[in-house]
Amino acid sequence: MRVLGIETSCDETGVAVYDSTTGLLAHALHSQVAMHRDFGGVVPELASRDHVRRVIPLIRQVVADAETSLRELDGIAYTQGPGLAGALLVGAGVATALAYALRIPAVGVHHLEGHLLSPLLASPRPEFPFVALLVSGGHSQLFDVAGVGEYRLLGDTLDDAAGEAFDKTAKLLGLPYPGGPALAQLAQQGTAGAVRLPRPMLRSGDLDFSFSGLKTAVLTLARKAAGGAPPETLPAARRADIALEFESAIVDVLEAKSLAALDATGHRQLVVAGGVGANRALRGRLAAATVRRGAQVYFPDLAFCTDNGAMIALVGALRLAQARAGDNAFSVRPRWDLSSLTSLPVPPETPVHCA
Ligand code: KG4
Ligand code: ZN
């Protein structure tokens, strides 16, 4: 099964071709980071317009790089949500129109399922079941993953996500958008233990997170150190100490809760996904901690931690394979919660099968 994946949920246009027999054939990404930098965050309307400009040339490039053709595709996967509505519409519109023209199925993919399963693109890849730590700009969650589509939420953030905390704290320290990588870089020049920040919810006894207090603690600490002046006026060395302590606090909490999730489920594999999964301190710490307890940790390649088309193409291929396997099957739901129903969009006109 050969699937084209299109990701346009936020500020990256990602396109890839994934083949379920041979793996990832090609991928490409256009990042809008430079365009949004002056605004200190993503401007939705600019994001949508840029996706419109980039997506078709990227599809042409990736199909050529994969040494395939549109005619050889079995399906087209696109990020259906969550994300910015206008940005999502670009990918959804292009994918659906192209699939209709090619008479192949278009499949809408949940962005977070893409992140969650992205370690399956790496080698060696984890086997189900595993615990997944999903740490992105909008989410900090722990899941028990039994198989494709079988996700049990074990813990969630009560307020800010880990990536959001990185971004807000970085802004406070006068670092450019996106804050996570910039803060991690500054932390490398910090002295461990020079300042002290709390480890929120470390001993809460559950698998939930809370990071908004940490950001406030950074503000208080930095203002005090700057004698009431704005934190960005602090000398670089002091800001580096704060950045390192902030990063360590987040890593301490993520490590402790991930290990507790392994204990709670009895699983021996931990999968880390999402943008914050690119953080080197987190990767190093989780690698050491899992080795110590005879477990294994899997990360996506750095390129597939943040948003990309490869994870969307992968999930599209897995979902289409599931749909095919169940072609002549039917099922009933003896217990079916009425409130779990959502309003379904008009069924796609594209056939579920390739002719
Ligand atoms: O998964 P992602 O690309 O987008 C979302 O779906 O949210 O994650 C982006 C988040 C941003 O908050 C960014 O600051 C953070 O991941 N991030 C990092 C690093 N690289 C990206 N945070 C800490 N350290 C990094 N090296
Ligand atoms: Zn993402």
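# Salt bridges and the domain interface

Let's start with one side chain: Glu 164 is partly exposed, with a relative accessible area of 25%. Its partner in a salt bridge is Lys 168, with 3.2 Å from N to O. This is a predicted model, and the chain is divided into two domains: domain 1 (2-117 + 304-341) and domain 2 (128-299). The points below take the salt bridges and then the contact between the domains.

**Salt bridges within a helix**

- In general, side chains of opposite charge can pair when their charged atoms come close.
- By the rule used here, the count of salt bridges comes to 18.
- Where do Glu 164 and Lys 168 lie? Both belong to helix 5 (residues 162-172), and they are 4 residues apart, about one turn of the helix.
- Lys 168 has a relative accessibility of 32%, so this residue counts as partly exposed.
- A second pair sits in helix 2 (residues 44-65), where Asp 50 and Arg 53 are 3 residues apart, again about one turn of the helix.
- The closest N and O atoms of Asp 50 and Arg 53 are 3.2 Å apart in their salt bridge.
- Are the two partners buried or exposed? Asp 50 counts as buried because its relative accessibility is 2%, with the cut-off for buried being under 20%.
- Arg 53 has 52% relative accessibility and therefore counts as exposed, the cut-off there being over 50%.

**A salt bridge between separate elements, and a network**

- Arg 293 and Asp 263 form a salt bridge whose closest N and O atoms are 2.7 Å apart.
- Why does this pair tie together parts that are 30 residues apart in sequence? The reason is that Arg 293 lies in the loop between helix 9 (280-292) and strand 10 (296-298), while Asp 263 lies in helix 8 (residues 236-265).
- Arg 293 is partly exposed at a relative accessible area of 33%, whereas Asp 263, at 53%, is exposed.
- There is also a network to look at: Arg 196, Arg 199, Glu 245, Asp 252, Glu 255, Arg 285 and Arg 292 are joined into one by salt bridges that share partners.

**How the two domains meet**

- Taken over C-alpha atoms, the centres of domain 1 and domain 2 are separated by 28 Å.
- The contact involves 17 residues of domain 1 and 22 residues of domain 2.
- The size of an interface is often given as the accessible area lost when the parts come together.
- Here domain 1 and domain 2 bury about 1,500 Å² between them, and 72% of that area is on carbon and sulfur atoms.
- Which residues of domain 1 lose the most area to domain 2? They are Leu 112, Leu 116 and Cys 305, which together make up 41% of what that side buries.

**Polar pairs and the domain 1 side**

- How many salt bridges does the rule find across the interface of domain 1 and domain 2? The number is 0.
- Polar contacts do cross between domain 1 and domain 2, with 5 residue pairs found, both residues at pLDDT 80 or more.
- Helix 1 (33-37), helix 4 (111-117) and helix 10 (310-325) are the elements that give two or more residues to the side of domain 1 that touches domain 2.
- Helix 4 gives the largest share of that side, 5 residues.
- By residue type, the side of domain 1 that touches domain 2 divides into 7 nonpolar, 6 polar and 4 charged residues.

Terms used:
Residues are numbered from 1 along each chain as its sequence is written. Chains are lettered from A and ligands numbered from 1 in the order in which they are written. This is a predicted model: local features need pLDDT of at least 70, side-chain atom pairs count only at pLDDT 80 or more; totals for chains, interfaces and linings use all residues. Side-chain values use heavy atoms; hydrogens and water are left out. Domain bounds come from an automatic or database domain assignment. Contact means heavy atoms within 4.5 Å. Buried area is the accessible area (1.4 Å probe) that two parts lose on being put together, summed over both. A salt bridge is a side-chain nitrogen of Lys or Arg within 4 Å of a carboxyl oxygen of Asp or Glu. A polar contact is a pair of N or O atoms within 3.5 Å; within protein, one must be able to donate a hydrogen and the other to accept it, and residues adjacent in sequence count only if both atoms are side-chain atoms. Ala, Val, Leu, Ile, Met, Phe, Trp, Tyr, Cys and Pro count as nonpolar, Asp, Glu, Lys and Arg as charged, and the others, Gly among them, as polar. Buried means under 20% relative accessible area, exposed over 50%, partly exposed in between (1.4 Å probe, protein chains only).
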